[in-house]
Amino acid sequence: KMYSICIIFGAFGAGCMFQSNQSAAALMNSFSIPVNLTGIVLAILVAGVIIGGIKRIGQVASKVAPFMCIIYVAAALIICIINIQKLPEVIGIILTDAFTGKAAAGGAIGTVMLMGIRRAVFSNEAGLGSASIAHAAVKTDYPVREGIVAAMGPLIDTLVVCTATASVIIMAGLYGDAAANMEGIQLTTTAFDSFFPGFGKYFISLSVFLFAF
């Protein structure tokens, strides 16, 4: 009962706001589509799925999410392979910045820690707390198997997708002062677009919309 109450307030308060916001921002920046229109279309599409119940939610999610994730990671890997000579430098920048005094001070003060917690919460459904709804609906004779599936979500999302995104952004040189005026989805779109002109604008905007959906 306590979980149900918390997830209701979470859903109304923040559950869908970050995803829909990033989706609307991407479509606005790339195609000048009004943010209100994106919100209305998302609401209609989501309502069409939710009304069908947990089975339809599972069917749609199982088709849309893996497809978008595979294409996204594949594109990032292709960029990394094409620019493989830059890979040691990328890893070096990540490791160097992680262990600088500035990073340690930021973590101690709490600014970086709060940002990290916020990113962890919104990077996947496990962080948000709503993933357990989908996993609880699965019919299985061995719950441990579903637990392993549940653990794979944050693993793929955080270690694979986030690392791939960070690598592309750093290879594009869009970090530090170079990215002072950009953040969120605009930064990712610009990074991908610098390697595959048009890809960032069209595909990243589409994928973010589908991920939000």
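Residues are numbered from 1 along each chain as its sequence is written, and side-chain values use heavy atoms, with hydrogens and water left out. Because the model is predicted, local features need pLDDT of at least 70 and side-chain atom pairs count only at pLDDT 80 or more, whereas totals for chains, interfaces and linings use all residues.

Confidence is expressed as pLDDT, the predictor's confidence in each residue on a scale from 0 to 100. The protein chain has a mean pLDDT of 82, and 92% of its residues reach 70 or more. Helix α3 (residues 35-50) has the highest confidence, at a mean of 91, while helix α6 (residues 101-109) has the lowest, at 62. Where pLDDT is low, the predicted coordinates should not be read in detail. Helices here are DSSP runs of H or I with at least four residues, numbered from the N terminus.

The largest nonpolar core contains 26 residues. A nonpolar core is a set of buried Ala, Val, Leu, Ile, Met, Phe, Trp, Tyr and Cys residues joined through side-chain atoms within 4.5 Å; buried means under 20% relative accessible area, exposed over 50%, and partly exposed in between, with a 1.4 Å probe and protein chains only. Tyr72, Val168, Leu174, Leu187, Phe192 and Ile204 touch the most other members of this core. At least two of its residues come from each of α4 (53-82), α5 (87-98), α10 (143-171), α11 (184-195) and α12 (199-212). Helix α4 gives the most, with 7 residues.

Helix α11 shows how buried positions meet other helices. Its buried residues are Ile185, Leu187, Thr188, Thr189, Ala191 and Phe192, and they pack against α2 (17-31), α4, α10 and α12. Contact means heavy atoms within 4.5 Å. Beyond four places in sequence, Ile204 is in contact with Tyr72, Ile185, Thr189, Phe192 and Phe199. Thr189, which is found in α11, is buried because its relative accessible area is 10%. With residues up to four places away again set aside, Thr189 touches Ser30, Gly200, Lys201 and Ile204.

On the surface, Val144, Ile148, Met152, Leu155, Ile156, Leu159 and Val160 form a nonpolar patch with about 620 Å² of accessible area together. Such a patch joins nonpolar side chains (Val, Leu, Ile, Met, Phe, Trp, Tyr) within 5 Å, from residues with over 30% relative accessible area and no salt bridge, the latter being a side-chain nitrogen of Lys or Arg within 4 Å of a carboxyl oxygen of Asp or Glu. Accessible areas come from the Shrake-Rupley method with a 1.4 Å probe. Met152, one of the patch residues, is placed in helix α10 and is partly exposed, since its relative accessible area is 38%.

Ser130 sits between α8 (125-128) and α9 (131-136) and is buried, with a relative accessible area of 17%; apart from residues up to four places away, Ser130 touches Tyr3, Ile7 and Glu125. Ser32, in the loop between α2 and α3, is exposed at 56%. Its phi is near 55 degrees, a positive value in a residue other than glycine.

Finally, Met2 lies in helix α1 (residues 2-15) and counts as exposed at 61% relative accessibility.

How values were computed
Patch = residues over 30% accessible without salt bridge, like charges linked within 9 Å, V, L, I, M, F, W, Y side chains within 5 Å.
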